[in-house]
Amino acid sequence: MEYGKIDWNDVWKELMTTQQRLDKTGDKNTHWNKKENAERFWKRSQTNSERTDSTLSEISLTPESRVLDIGSGPGRLSIPIAKKVSHVTAVEPAAGMMDVLKENMKAQGINNIHCVSKRWEDLDVKADLDAPYDVVIASFSLGMPDIREAIQKMEQASSKYIYLYWFAGITPWEEHSISLWPSLYGTNYVPGPKCDVLYNVLYNMGIFPDVHVFSMDYTNYFSSVDEAMDFYRDRYVIETQTQASILRDHLKSILVQENGQLVEKGTSTRVRISWEKK
Ligand SMILES: C[S@@+](CC[C@H](N)C(=O)[O-])C[C@H]1O[C@@H](n2cnc3c(N)ncnc32)[C@H](O)[C@@H]1O
């Protein structure tokens with residue numbers, strides 16, 4: 001076995017681009033471009049806020065800190081972090097997410113977040129940011145095909161700490177895709193790259209990070225199967241009657257009744273991968 005010859009960045013690239021190709025919305029940002037999906041994400045994060053509290057307690061923040069939040073979404077981390085530090089720059093390419101972030105900033109009277117509407121891979125650290133930042137965070141936002149280049153840029157933007165949050169093992173939503181793909185489209189679903197690949201890319205860059213594993217419950221509330229259909233019809237790009245009935249049967253099998261609502265539940269294993277810049 002020629003272990004030393006594996007290019008883990010190529011492994012990441014292949015898995016990420018295959019997954020993004022299989023993402024039926026075509027453009028990976030299409031889902032988060034829609035404001036209603038961004039609002040749903042925000043609401044869900046406010047209901048399940050324990051994980052956000054733990055994240056805030058484990059990141060090294062002081063009142064003087066300048067923080068870069070890459071793929072900030074609607075501000076699950078940026079908003080509470082901004083209340084604790086001097087400055088946050090939030091990089092977020094998806095229009096729906098950015099709209100909700102700006103609304104949240106306004107509603108909470110926050111004026112120390114600078115917003116940059118770009119994908120990380122399209123951004124120039126010198127031209128687009130006011131680097132360096134004491135803390136650079138990319139939380140479940142590593143949809144970057146060239147992860148080595150993305151990490152090199154994070155190192156360029158950071159003066160001290162880098163925190164990456166990602167997945168270990170197959171996620172509940174990937175399990176759904178694995179079971180749905182053959183009947184919906186006649187092909188197999190290929191899950192995206194996980195923390196094993198990420199760790200190996202970092203290792204080959206001479207970065208030996210701390211790795212902390214935790215689990216995160218995932219709940220999605222719907223008032224009816226029709227509402228769940230509307231949400232997922234879009235994500236799976238349902239075009240035919242046959243596909244619609246496959247999806248409806250699948251949703252009926254996974255949604256559980258709870259206090260008059262239908263709930264999709266799952267638990268995913270996640271990781272925090274962090275290091276201090278040398
Ligand atoms: C699941 S959300 C996570 C949001 C937030 N970081 C959190 O932890 O709550 C993923 C976010 O990453 C963003 N994202 C995905 N790929 C990205 C990229 N290449 N560059 C910057 N942001 C990206 C998406 O637009 C989306 O808002």
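Which residues lie nearest the centre of the second largest pocket? Here are a few notes on that pocket and on the ligand site.

1. This is a predicted model, where local features need pLDDT of at least 70, side-chain atom pairs count only at pLDDT 80 or more, and totals for chains, interfaces and linings use all residues. Residues are numbered from 1 along each chain as its sequence is written, and side-chain values use heavy atoms, with hydrogens and water left out.

2. To take up the opening question, Glu36, Glu39, Arg40, Lys43 and Glu227 lie nearest the centre, among 14 lining residues. (A pocket is an open set of points on a 1 Å grid over the protein atoms alone where a 1.4 Å probe fits, with protein on both sides within 12 Å along at least five of seven lines; lining residues have an atom within 4 Å of a point.) By class, this lining holds 9 charged, 3 polar and 2 nonpolar residues.

3. The most comes from H3, with 7 residues.

4. A side-chain N or O atom of arginine 76 is 2.7 Å from a ligand oxygen. A ligand nitrogen is also 2.7 Å from a polar backbone atom of glycine 71.

Methods:
Helices (H or I, at least four residues) and strands (E, at least two) are DSSP runs, numbered from the N terminus. Ala, Val, Leu, Ile, Met, Phe, Trp, Tyr, Cys and Pro count as nonpolar, Asp, Glu, Lys and Arg as charged, and the others, Gly among them, as polar. A polar contact is a pair of N or O atoms within 3.5 Å; within protein, one must be able to donate a hydrogen and the other to accept it, and residues adjacent in sequence count only if both atoms are side-chain atoms.
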